[in-house]
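The sequence and structure are shown first.

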Amino acid sequence: PSSSASCLAPVRIDRFLFFVRLARSRTLAQAIVAEGRLRIDGRRVLKPSEEVRPGAVVALPLRGSVLVLRVLALPVRRGPAAEARACYE
């Protein structure tokens, strides 16, 4: 089985943040989205159910700075850190 579902189905932004280890839990990922400062392709995201696709640019506040990343692949699970890092740049 492959470690990413590259272009199959889009993934919810809260699941994406959790799977790529940018949030410790989906609840925390949903809280990040609820703050209203997360953006996908420059568009403000207000719902955790917003979908993210490969090629999208995600910008989010994290630890006092703004993290901007390009989605390369969509993870299908919360795997090891190396696997998570391969999903974005």
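What share of the contacts in the protein chain with a separation of 6 or more is accounted for by residues 24 or more positions apart? Such residues account for 45% of these contacts, where contact means heavy atoms within 4.5 Å.

## Basis of the model

The model is predicted: local features need pLDDT of at least 70, side-chain atom pairs count only at pLDDT 80 or more, and totals for chains, interfaces and linings use all residues. Residues are numbered from 1 along each chain as its sequence is written, and side-chain values use heavy atoms, with hydrogens and water left out.

## Overall fold

The protein chain contains three helices and six strands, which follow the order β-α-α-β-β-β-β-β-α from the N terminus. Helices (H or I, at least four residues) and strands (E, at least two) are DSSP runs, numbered from the N terminus. The radius of gyration of the protein chain is 12 Å, close to the 12 Å from the globule rule for 89 residues, so the chain is as compact as a globular protein of that length. This radius is taken over C-alpha atoms, and the rule is 2.2 Å times the number of residues to the power 0.38. Along the principal axes, the C-alpha atoms fill a box of roughly 35 × 20 × 20 Å.

## Burial and core

Of the 89 residues, 39% are buried (under 20% relative accessible area; exposed is over 50%, partly exposed in between; 1.4 Å probe, protein chains only). The largest nonpolar core has 24 residues, of which Ile13, Phe16, Leu17, Leu38, Ile40, Val52 and Val58 touch the most other members. A nonpolar core is a set of buried Ala, Val, Leu, Ile, Met, Phe, Trp, Tyr and Cys residues joined through side-chain atoms within 4.5 Å. Two or more residues of this core come from each of α1 (13-19), α2 (26-34) and β5 (57-62).

Beyond its neighbours within four places in sequence, Leu38 contacts residues including Ile13, Leu17, Ile32 and Leu60.

## Loop residues

Arg53 is placed in the loop between β4 (51-52) and β5 and is partly exposed, at 45% relative accessibility. Leaving out residues up to four places away in sequence, Arg53 touches Pro10, Val71 and Leu74.

Most residues other than glycine have a negative phi. Asp41, in the loop between β2 (39-40) and β3 (43-44), has a positive phi near 50°. Arg63 also has a positive phi, of about 50°; this residue lies in the loop between β5 and β6 (65-70) and is exposed at 75% relative accessibility.
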